[in-house]
Amino acid sequence: MTATEGVGRRQFLTLLGAGVAGASLPALVSGCAPGAPGTAAAPGRNRPLSAAFYQAINDLDPHGASAVDEASLLANRQIYDTLVTRKGEELAPSLATSWRQPDDTSWEFTLREDVVFHDGAKLTSADVKASLERLAASDGPQKPLWSAVDSVEAPDPRTIRITTKEPLGTLLVNLTLAFVIPATQIGKADLSRKPIGSGPFAVESFTPSSQLLLKPAANHWGGAAKLSGLRLPYIPEASTRMTSLQNGEVDVTWIIPPDELKRLGGVNGVRIESKPGLNYFLAWFNCGRKPFSDPRVRRALHHALDIKGIVSSLYGDAATVMDAPIPPAVFGHAPQQPYPYDPDLAKRELAEAGHGSGIRTSMMWFKDTGPLATELAQSIISAWAKVGVVVEPQQIEKAAWIKRLTALDWDIELQVNTVTTGDADYTLGRLYTSTANRMGYHNKELDGILAKARSTSDQDERKSLYGQACEIIWRDAVGVFPAALSSTYGLRSTVTGFVPAANSQPEFRTVSTAG
């Protein structure tokens, strides 16, 4: 048992904030101070690195209910591999060395011959087949991505054939989320706690909602990790994470609130790296519930918000005002005309919709959904109150939020979403169809556009179609899309080889630490 497993979560966070009389995070975990014999790195490897995210890792099953949670995906990127990966803006080989498309509905992949799982077993096409079939059959959040898969075949140990019911232009980008596990592990009870993958790091220990400890895999096909260990502690409080970074208790952290970003900019030994992000805030209306089933009401609430002023005041340069239902960095983004800020127009539109005497409603969110989420919710609620819309704030636990979200048991909900693949289909095609029914919104025209965009491999055509989808969703005011967040990381100066990830899921195989 590690030192942090022996204390409660509240005590653990208190220890982190206080620094435990000068001890760093590695000291808390290993029982030794940094640089002491007990923390010496293995030959050819750097000392362990600590990377703190603001959301909790609760589950390590790459195909389960948490499969698209940012924190779970962060862990999955270290533990597992996929057939295809993303290198910047391009898709690149990973477990598959190459692929071809014999016809519009079939794909063939050739697998690497030098891949072994963390238990020493060699990866074969049977493992890939079992993983893909498990994903396609699951009821998890990735299910819409795989609904068009008809069959997966493994004609020999190095070949995978995927046949789809119709052309699927998003197959390659979807495969960047299809983590491969050994076929023998499927169905095992401890898959979500002690999984086996073929990624650059293996699980050493895992305490859900506390921390994940990883060790370098013995024989990773891409080359051994340079770190002697990787710690992913859960530190939700931004101020505690920033203090831990400043004191050297944490080597890397993200997402960074604007006020902390300004402070860290002048801290010796700390640097900031940033790039346009794939994370953004949205506030959906439950379009299947009155009064939000009336698009006039939804548009009126848009006009009641000074989005530009709210975003500027809260986030400064750490975010940009959204002009579409997906961020500008996403393939398929098409800018739309902003809703003018006009409270008087909002009041008139509400009156025309039969709500001249006002509306009483509610908004739910969970605390750790994103930076300054509570402040953003309060700003929106305050603005709506000025046009006669009284909103009950409901900040609830994430588990309760997920349950209510999926049951459509809410009026308005606020969250941060991530277009993990960088492709519009991941968000628009997965969440806005009538079949998905994620916010009670149904539009047959949109369904047809999204289906066509998914089925074509012509990228120019896909981009045009997603532009049409953006226009419909924006026009129908399915939700309010306030801010796209910059992907900003704080790093100790001793960290090298780190590449900021736009989707908040950095990979650490090539990262080094000095000292």
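The following questions and answers concern a predicted model.

Q: Is Glu-349 buried, exposed or partly exposed?
A: Glu-349 lies in helix H10, which covers residues 343–352. Its relative accessible area is 18%, and a residue under 20% counts as buried. Therefore Glu-349 is classed as buried.

Q: Which residues does Glu-349 touch, not counting residues up to four places away in sequence?
A: One of these residues is His-303, which is 46 residues apart from Glu-349 in sequence. In space, the two are 9.3 Å apart, C-alpha to C-alpha. With residues up to four places away in sequence left out, Glu-349 touches Arg-296, Arg-299, Ala-300 and His-303.

Q: Which residue in E3 stands opposite Arg-86?
A: Strand E2 (residues 84–87) and strand E3 (residues 90–93) run antiparallel and are joined by four bridges. They form a hairpin with two residues between them, and Gly-88 in the turn has a positive phi of about 65 degrees. Across this pair, the residue opposite Arg-86 is Leu-91.

Q: Which helix supplies the largest share of the lining of the second largest pocket?
A: This pocket has a volume of about 1000 Å³ and is lined by 39 residues. Strand E15, helix H12, strand E16 and helix H13 each supply at least two residues of the lining. The largest share, six residues, comes from H12.

Q: How many residues of the lining of the second largest pocket are nonpolar?
A: Asp-69, Phe-366, Lys-398, Trp-401 and Ile-402 are the lining residues that lie nearest the centre of this pocket. By class, the lining holds ten charged and twelve polar residues, while the number of nonpolar residues is 17.

Key. Residues are numbered from 1 along each chain as its sequence is written. This is a predicted model: local features need pLDDT of at least 70, side-chain atom pairs count only at pLDDT 80 or more; totals for chains, interfaces and linings use all residues. Side-chain values use heavy atoms; hydrogens and water are left out. Buried means under 20% relative accessible area, exposed over 50%, partly exposed in between (1.4 Å probe, protein chains only). Contact means heavy atoms within 4.5 Å. Two strands pair if DSSP finds at least two bridges between them. On a 1 Å grid over the protein atoms alone, a cavity is a set of points where a 1.4 Å probe fits but cannot get out, and a pocket is an open set with protein on both sides within 12 Å along at least five of seven lines; lining residues have an atom within 4 Å of a point. Grid points are joined across faces, edges and corners, and a volume is the space filled by probe spheres set on the points. Ala, Val, Leu, Ile, Met, Phe, Trp, Tyr, Cys and Pro count as nonpolar, Asp, Glu, Lys and Arg as charged, and the others, Gly among them, as polar.
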